[in-house]
Each structure stands twice: as C-alpha cells, then as structure tokens.
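Me: I am new to this structure and would like to learn how to read its features one at a time. Could you give me the general idea first and then the case at hand?

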Amino acid sequence: MKRLPPAKRNHLIIVIAVTIVVVCCIYFFLIQSQKEENIKLAHDTIDRHGELEVIKKSIAQANVTDANLTEITLQLSHAEEDVVTGDAYAWIYDTIRRFKSTYHVDIPNIGQPTISDVDVLAGFPYKQVKVSLSGTAYYHDLGKFFADFENTYPHVRLVNLSLEPVGLGPASTSNEKLTFRVELVALIKPNT
C-alpha cells in the first residue's frame, strides 16, 4: 500500500470499508434473520415430531383401548341389570311380584311411581323412581325379605320404613303380624 498514490490508496480504503459495511449489512439483515428462522423451524420440527410420536403411540394403543372399552361396557351392562327400564310401574310391580313369591310377605298396595333426579348426588346420570309399598308380614319374614331384596337388587333401596301391629286384640299369633309401609327407591336407566 505504500507504493500506491494517496488518491488510489484512499479509494482502496473506501472500497474496503464499503465492502465491509455491505457484508455486515448482508449478514445482519439477511443471513442473521434467516438463521433465526432456521432455528425456529428446527424447534418446530422437533415439537411436531414429539406430537407425531404421541399420536403413533395412541394409534398403537387403539386396540387395547377398544378392548378396555368393550370390557367396561359389559361390566356396566351387567351392573345395570337391576336398574329400572321401560315402564317404571310395570317393572317394579313385576319385580316385587316375582321376588315375594318365595317369602311370606303380603304386599297388596303398590303406589304410583314418582320419577325425579337422584337426590343424593348432584349431576348423577341416572334418574330415580320412588314408590310407596304397604302390606303385612311377620317381623322375621319382613326383615329377611328386605335384606334379600336389597342384596339381590343393589341399585334399589327400601327407605322410610314404618311398622305397626296388625291386631290389638288378645295375645295370639296374629299379634306378631305387622303392617308396614316403606318407600322403594330405584335408579332408572337413562335413554341412550
């Protein structure tokens, strides 16, 4: 550079300075922004691959999930066997008639059913039906009937029991007989 005349040397220094500025501008405005975009795309690609792996695992689990769903559906269907379906009065009447045939319990009065939301749990997917029952039976027969009925039908409850003696006459076997009133509360299967 010492051999160049001062005018050419200044031109050369200006060209080199301008070239450096242009290269820096190209790097900062074009290359750097493209590099940041490439890094962002690489991160997005990694995230998408992670999501893809989760989807592949879900697809692989589809058969297992389907088998579990089938099993749970069968369990629910089995559990709902004693739930009221169709006409509530007819279901309750037939169930009590069939069940009491082996017990010495007389139930001549079955009231009209009242259907409402389940009053124990809010948002429960079933409705409930309440029916008033009254009849006569001996104390031990009545207790055995109630216990066996609730054990046979776990979704049915007998509540609000009231007992009164049948006769007030002289002591006899008829005095052991009781008049009872009870409410039968049962779940109703929702429409599907």
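Reply: Let us start with the surface: accessible areas come from the Shrake-Rupley method with a 1.4 Å probe. The model is predicted, and in it the chain exposes about 14200 Å², of which carbon and sulfur atoms supply 61%.

Me: How many helices and strands does the secondary structure of the chain come to, and which pattern does the chain follow along the sequence?

Reply: The chain has four helices and five strands, and reading along the sequence gives the pattern α-α-α-β-β-β-α-β-β.

Me: Which residues touch the most other members of the largest nonpolar core?

Reply: In soluble globular proteins, nonpolar side chains tend to be buried together. Here, buried residues make up 20% of the 192 residues in the chain, and the largest nonpolar core has 26 residues, among which Leu133, Phe149 and Leu184 touch the most other members. Several elements each supply at least two residues of this core, including helix 3 (88–100), strand 3 (127–138), helix 4 (139–152) and strand 5 (177–188). Leaving out residues up to four places away in sequence, Leu133 touches, among others, Ile96, Ile107, Leu158, Val182 and Leu184.

Me: Is Ser134 buried or exposed?

Reply: The cut-off needed here is that buried means under 20% relative accessible area. Ser134, which is found in strand 3, has a relative accessible area of 14% and is therefore buried. Apart from residues up to four places away in sequence, Ser134 touches Asp106, Ile107, Pro108, Asn109, Phe180 and Arg181.

Me: What does Asp106 contact in turn, leaving aside its neighbours within four places in sequence?

Reply: Asp106 lies in strand 1, and with those neighbours left aside it is in contact with Lys100, Ser134, Gly135, Thr136 and Phe180. At 40% relative accessibility, Asp106 counts as partly exposed.

Me: Is Thr95 buried or exposed, and which residues does Thr95 touch?

Reply: Thr95 is found in helix 3 and is buried, with a relative accessible area of 3%. Not counting residues up to four places away in sequence, Thr95 touches Phe149 and Tyr153.

Me: What is the phi of Asn160?

Reply: Most residues other than glycine have a negative phi, and most peptide bonds are trans. The phi of Asn160 is near 55 degrees, a positive value in a residue other than glycine. Asn160 has its place in strand 4, and at 57% relative accessibility it counts as exposed.

Note on methods: Residues numbered from 1 in each chain as written. Predicted model: local features only at pLDDT ≥ 70, side-chain atom pairs only at ≥ 80, totals over all residues. Heavy atoms only, no water. Buried < 20%, exposed > 50% of the residue type's maximum accessible area, 1.4 Å probe, protein only. Core = buried A, V, L, I, M, F, W, Y, C linked by side-chain atoms within 4.5 Å. Contact = heavy atoms within 4.5 Å.
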